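This report describes a ligand site and a sheet. Please keep the sequence and structure open while reading.

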Amino acid sequence: AQRLGVKIYNFTEVREIKTENNRIVSVSTDRGEVLTPIVINAAGGYSGEIGKMAGVEIPVYSQRHQILITEPVDPLFKPMLMSFSRNFYCQQTPYGSIIMGFGDPDEPKGYDIGSSWQFAREMAQKMTAVIPLLKEVSMVRQWSGLYNVSPDSQPIVGEHPQVNGFYMAVGFSGHGFMLAPVASRLMAELILKGRTSIPIDKLDIGRFERGELIIEPSVV
Ligand SMILES: Cc1cc2nc3c(=O)[nH]c(=O)nc-3n(C[C@H](O)[C@H](O)[C@H](O)COP(=O)(O)OP(=O)(O)OC[C@H]3O[C@@H](n4cnc5c(N)ncnc54)[C@H](O)[C@@H]3O)c2cc1C
């Protein structure tokens, strides 16, 4: 995008979105106002807030998910391990560290991105039960981020039906890293050509009102 002349303003906060007659008019940021007929809401955990700025309710919520990484060890396993019955995922990185996480069913909705001792302990219990060798391995870092979750745990992609020019790529429900390349390509196609090379109609925001949810069961 930059090669084609796009200017990217990092560390610039969107504070207000102006609309007139159900059309996007401008975006106010902490570095000034940008006149534009198009906004793409790709704000992850804050996409609901961006929706409110444009005057619409997007049915998503945010929720902390924690993760940790161990010191590097000799190769133990190659594939990503994931268990829905035991509720965990883990993978050894090429460097040898093992990265792991689980979804806490008691995690409240919200914007907390702190790290808890309880998570570290429960994670260690889960993983050492499956890979006892890990009892000898030290954890070196722990952090967290937000899942932005939709009612069917599938992304909401497309233009909002009530606000012309307000596009959404939100609600990735913990799968947005792997979907980001195709989602961004499809958003570009939709905006530039008015159609997409892969059909995305079923991922529109209207599916919730129509009762046409596409439940994604595989979310850790
Ligand atoms: C612990 C954990 C593990 C995960 N594991 C996986 C995985 O294995 N596979 C996978 O596919 N996905 C995974 N995910 C999910 C994945 O990280 C997200 O789905 C993905 O990052 C969403 O990308 P995004 O670009 O939509 O949002 P984000 O990456 O959250 O980016 C949103 C951006 O919007 C910016 N923003 C927000 N509000 C404003 C504002 N008002 N003004 C300006 N900018 C704003 C933010 O600063 C941020 O840079 C994981 C998430 C977590 C927390």
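## Ligand shell

The model is predicted. Around the ligand there are 20 residues, and those that come nearest are Val14, Gly174, Gly176, Phe177 and Met178. By class, the shell consists of 12 nonpolar, 7 polar and 1 charged residues.

Three elements each supply at least two residues of this shell: strand E5 (61–70), strand E9 (139–149) and helix H3 (176–193). In terms of domains, at least three shell residues come from domain 1 (14–60 + 152–210), and at least three from domain 2 (63–146).

## Polar contacts and burial

Histidine 175 places a backbone N or O atom 3.1 Å from an oxygen atom of the ligand, and for methionine 178 the distance from a backbone N or O atom to a ligand oxygen atom is 2.7 Å. The ligand taken alone exposes 1000 Å², of which the protein buries 61%.

## The sheet

Five strands form an open sheet in the order E6-E7-E8-E5-E9, and their pairing is antiparallel. Strand E6 (81–83) and strand E9 are the edge strands, each pairing on one side only. On average, neighbouring strands of this sheet are turned by 15 degrees against each other, direction ignored.

Within the sheet, strand E7 (residues 88–92) pairs with strand E8 (residues 98–101) in the antiparallel sense over 4 bridges. Glutamine 92 has isoleucine 98 in E8 as its bridge partner.

Notes:
Residues are numbered from 1 along each chain as its sequence is written. This is a predicted model: local features need pLDDT of at least 70, side-chain atom pairs count only at pLDDT 80 or more; totals for chains, interfaces and linings use all residues. Side-chain values use heavy atoms; hydrogens and water are left out. A residue is near a molecule or strand if one of its heavy atoms lies within 4 Å of it. A polar contact is a pair of N or O atoms within 3.5 Å; within protein, one must be able to donate a hydrogen and the other to accept it, and residues adjacent in sequence count only if both atoms are side-chain atoms. Accessible areas come from the Shrake-Rupley method with a 1.4 Å probe; for residues, only the protein chains shown count as cover. Ala, Val, Leu, Ile, Met, Phe, Trp, Tyr, Cys and Pro count as nonpolar, Asp, Glu, Lys and Arg as charged, and the others, Gly among them, as polar. Domain bounds come from an automatic or database domain assignment. Two strands pair if DSSP finds at least two bridges between them. Axes are lines fitted to C-alpha atoms, for helices over the stretch in contact, and angles run from 0 to 180 degrees between N-to-C directions.
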